[in-house]
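Thanks for coming, everyone. Please have a look at the structure on the screen, and then I'll walk you through a few places in it.

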Amino acid sequence: MVKRHWKTAGKFLAFAVVLCVSVHFVWRVIVPKFFADSSWPTTSAYLGFYEMEENTVDVLFFGSSHAASFFLPQELYNGYGITGYNLGCEQQNLVVSYFWLGEALRFQKPKAVVLDCYMLFPYISTEPLNTAESCTRKAIDYMKWSSVKKDAVQTICRLDENQSLESYYFPNIRYHKRWEGLSENDFSFSDMAGHYELKGYAPQAAYGGRQDFAPFEIGDMDAKENMVPLMAEYLGHMEKLCRQNGIPFVLVKTPTTAQSPAKSLAIQNFAREHDLHFLDFNEKGLYEKINFCFETDNCDDGHGSIWGARKVTAQIGKKLARWYGLGGHKDSQWEETRDYYEGIKKDCELAHMTDLVEYLQAVLDERYYVFLSAKDARLPGLKPAALKGLKELGLSAGLREDAGCSYLAVILNGKAQEQSGIDQLEQDGAIRDGVVRYEMVSAESGCGNVSSIKIDGTEYSKNGRGLNFVVYNQVTKRIVDAVCFDINEDGVAASR
């Protein structure tokens with residue numbers, strides 16, 4: 001009889017283990033993921049935080065996507081020896097910021113906390129939390145379960161009656177429709193989750209800021225704008241939590257067309273009342289001090305390009321070193337990611353290169369797959385230095401013809417495949433062990449006059465006259481550039 005009971009208990013235990021494993025697998029597959037192949041790698045940022053050695057992070061950054069795109073931990077470390085981690089994400093409201101601060105303090109003892117203040121003011125006035133539910137989920141789904149997460153989801157669901165506790169405990173309730181559109185990332189979790197080298201920073205390469213942006217003067221501040229009451233309440237909670245833990249709390253507003261003197265004054269008043277530092281990079285004196293150029297240092301009206309992030313982060317590093325004596329030490333977790341960061345900088349720089357010879361040197365990189373399709377390309381525009389660059393990529397003289405020619409080339413893992421001729425050329429294949437398909441077409445003017453480079457069915461070729469390049473980073477699994485060099489012109493014009 002006893003044996004039978006033990007046998008039954010064993011079966012039940014085995015069933016429970018299988019059930020738990022299955023539920024965990026379903027959870028991991030079905031919850032949305034945002035890795036290095038996304039413009040906003042939120043999932044990597046939060047999962048990566050848990051990989052950091054305890055009590056090694058000097059500075060924690062919080063805020064919306066403005067924070068994610070402007071606060072650059074590797075630059076902070078490279079310039080000042082200050083270790084930082086960026087826990088910002090898209091539309092991170094102050095409720096989320098507060099609970100992620102509480103979660104972070106379970107693992108780290110930061111010497112400063114920095115908050116970008118964009119979400120203090122109305123953003124989505126129809127939403128109880130001032131931001132979209134989907135963005136709140138992005139931030140909370142990958143927080144570890146503890147009393148902090150329990151309090152967070154209870155608070156979120158209390159404040160927003162459209163959200164349910166059950167959907168946080170059982171994500172399949174929220175994401176059951178995702179089964180129809182699962183992607184590679186849903187099944188390669190471990191590989192992509194491991195790319196947290198940028199420690200929460202989301203690099204943006206574009207030049208997209210307004211040419212007519214003008215920073216404001218301190219004297220322009222005459223009336224403050226009211227903060228969203230709930231956001232102001234949780235700003236106070238963040239300040240109190242930092243004060244209780246003896247952590248300096250620094251307020252920042254990065255460059256954006258959404259900032260105004262009235263908003264700046266409201267933040268400044270809060271900072272004065274609580275004896276905090278406030279840096280507003282929209283204020284003329286500070287804006288000009290770091291030689292900020294909104295047109296190129298922002299990628300749009302509110303997010304920083306990698307160049308703007310470097311400037312803003314350098315100034316913050318300078319202030320943290322002066323105010324609190326931070327910096328001047330080494331940590332292997334930041335030392336070991338220097339090269340990765342340099343590679344990301346190169347990806348961003350590649351998207352702005354206009355010199356063909358320089359470009360050919362830049363794409364000679366083992367991280368890249370390079371796709372090349374010619375459209376009515378002619379020799380006169382291809383100078384000896386460019387021919388040399390093509391040869392260094394492993395390509396032959398397929399373009400050495402007086403008349404226009406069709407030409408295709410693919411450089412994969414340092415090996416080149418190419419073909420040329422006077423008829424339309426086509427080539428297809430796969431990269432990354434067959435996971436990603438590509439299709440290419442090249443035709444000179446006499447047989448179609450077209451260039452096509454499709455990656456997973458999406459057209460990336462600029463279809464311009466000359467040499468059309470598409471560059472794929474096999475580490476981050478994303479297209480980092482698409483450009484056409486018109487070698488038929490004396491100046492070899494580049495177009496994107």
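Buried means under 20% relative accessible area, exposed means over 50%, and partly exposed is in between, with a 1.4 Å probe and protein chains only. Helices are DSSP runs of H or I with at least four residues, strands are E runs of at least two, and both are numbered from the N terminus.

Before I go on, this is a predicted model: local features need pLDDT of at least 70, side-chain atom pairs count only at pLDDT 80 or more, and totals for chains, interfaces and linings use all residues. Residues are numbered from 1 along each chain as its sequence is written, and side-chain values use heavy atoms, leaving out hydrogens and water.

**A buried asparagine**

Next, Asn 473. Asn 473 sits in strand 13, residues 466-473. Is Asn 473 buried or exposed? Asn 473 is buried, because its relative accessible area is 0%. Its side chain makes a polar contact of 2.9 Å with the side chain of Asp 347. A polar contact is a pair of N or O atoms within 3.5 Å; within protein, one must be able to donate a hydrogen and the other to accept it, and residues adjacent in sequence count only if both atoms are side-chain atoms. A polar atom of the Asn 473 side chain also lies 2.7 Å from the backbone nitrogen of Val 475. Setting aside neighbours within four places in sequence, Asn 473 is in contact with Asp 347, Arg 367, Tyr 368, Arg 478 and Val 480.

**Cysteines**

Last stop. How many disulfides are there? The count is 0, where a disulfide is a pair of cysteine sulfur atoms within 2.5 Å. Take Cys 348: the nearest cysteine sulfur belongs to Cys 299, 10 Å away. Cys 348 counts as buried because its relative accessibility is 5%. Cys 484 counts as buried too, at 2%.

That's the tour. Questions are welcome.

Conventions. Contact = heavy atoms within 4.5 Å.
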